[in-house]
Amino acid sequence: ALFWFLLAVYLLTYSPRFHSSDGLAMFSTAESLARRGEWDIDQIRWMGLQQGTFGLDGRLYSRKGVGVSLLELPLVWLGLTVPIWGAATTALLFNAIVTAATGAIVLLYLQRLGYDHRVALVAGLTFGLATLAWPYAKTCFSDPLAGLCLVGAALALLRFRDKGRAPDVFWAGLALAVAVAARYANAILIVPFLGLLLFQIAKQQISHQPSAISQPPTSNLQSLISALTAFGLPLAAVAAAIALY
């Protein structure tokens, strides 16, 4: 319900225009992929090196994170398919959806921490309606997607703390991988999230093994390897894809 309410508010204040060359560059990559199956942004070649780099083939390519461009593809394709909308008009709905989802995850995160439902709801509404999240929902920036992924990764690790399930660690790693794909500088945040994961694993092993003599080393090592593998696989896959790009 919170997601749909925030999305409705964002749609009421929706503005189909680009606010910076950053958003235009990320949209151009998605548009080229949808129209021609190519990665270049030659349609904004007039910007020169402001938002891109010339490749060996002489074409211009965006320096921005490719994550937003790839996730915008369904909206861009929809805009090209429905004649009355247009690719840019639908692509600029992306961050409205992302920001509304972030507000819902903030609510879920606080509920998982044990806060009252009303407190969690007020926090989600405060995030969605009384912070910079609302203005950013009108843009084509990468910040909203990065924010969604970081809050989502935090929620996944919180679920892992409570339930100890490896899939939650995988979702945390995948969320961080998408955050890095959205903005490459987010890679530095992998370190504190990894530290938090290791802390939670150590805490679980201590709580489950009250006696140091009775601890099975192989079992502890296997659980550690399993968690680190689940966390690292999506990060490694996305890192390889970014390097290839």
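The buried residues of helix α6 in this predicted model are A120, G124 and G128. Where do they sit around the axis of α6? They cover an arc of only 65°, which puts them on the same side of the helix.

Let me turn to α6 as a whole. The helix runs over residues 117–129, 13 residues in total. From its first C-alpha to its last, α6 reaches 18 Å, close to the 18 Å expected at 1.5 Å a residue. Its N-terminal end is capped by D116, with a side-chain oxygen of D116 lying 2.8 Å from the backbone nitrogen of R118.

I now move to the nonpolar cores. In the largest of these there are 28 residues, and L145, L197 and F231 have the most contacts inside it. Which elements give two or more residues to this core? They are α3 (66–81), α5, α8 (143–163), α9 (166–182), α10 (190–208) and α11 (217–244). The greatest contribution, eight residues, comes from α8. Apart from this core lies another, of 13 residues, including A25, M47, L60 and L92.

Finally, consider L145 in more detail. Leaving aside neighbours within four places in sequence, L145 is in contact with G67, V68, L71, F94, N95, V98, V178 and A182. As a general point, in soluble globular proteins nonpolar side chains tend to be buried together.

Definitions and conventions:
Residues numbered from 1 in each chain as written. Predicted model: local features only at pLDDT ≥ 70, side-chain atom pairs only at ≥ 80, totals over all residues. Heavy atoms only, no water. Helix = DSSP H or I, 4+ residues; strand = E, 2+ residues; numbered from the N terminus. Expected span 1.5 Å × (residues − 1). Buried < 20%, exposed > 50% of the residue type's maximum accessible area, 1.4 Å probe, protein only. Arc of directions from axis to C-beta. Polar contact = N/O pair within 3.5 Å; in protein donor to acceptor, adjacent residues only side chain to side chain. Core = buried A, V, L, I, M, F, W, Y, C linked by side-chain atoms within 4.5 Å. Contact = heavy atoms within 4.5 Å.
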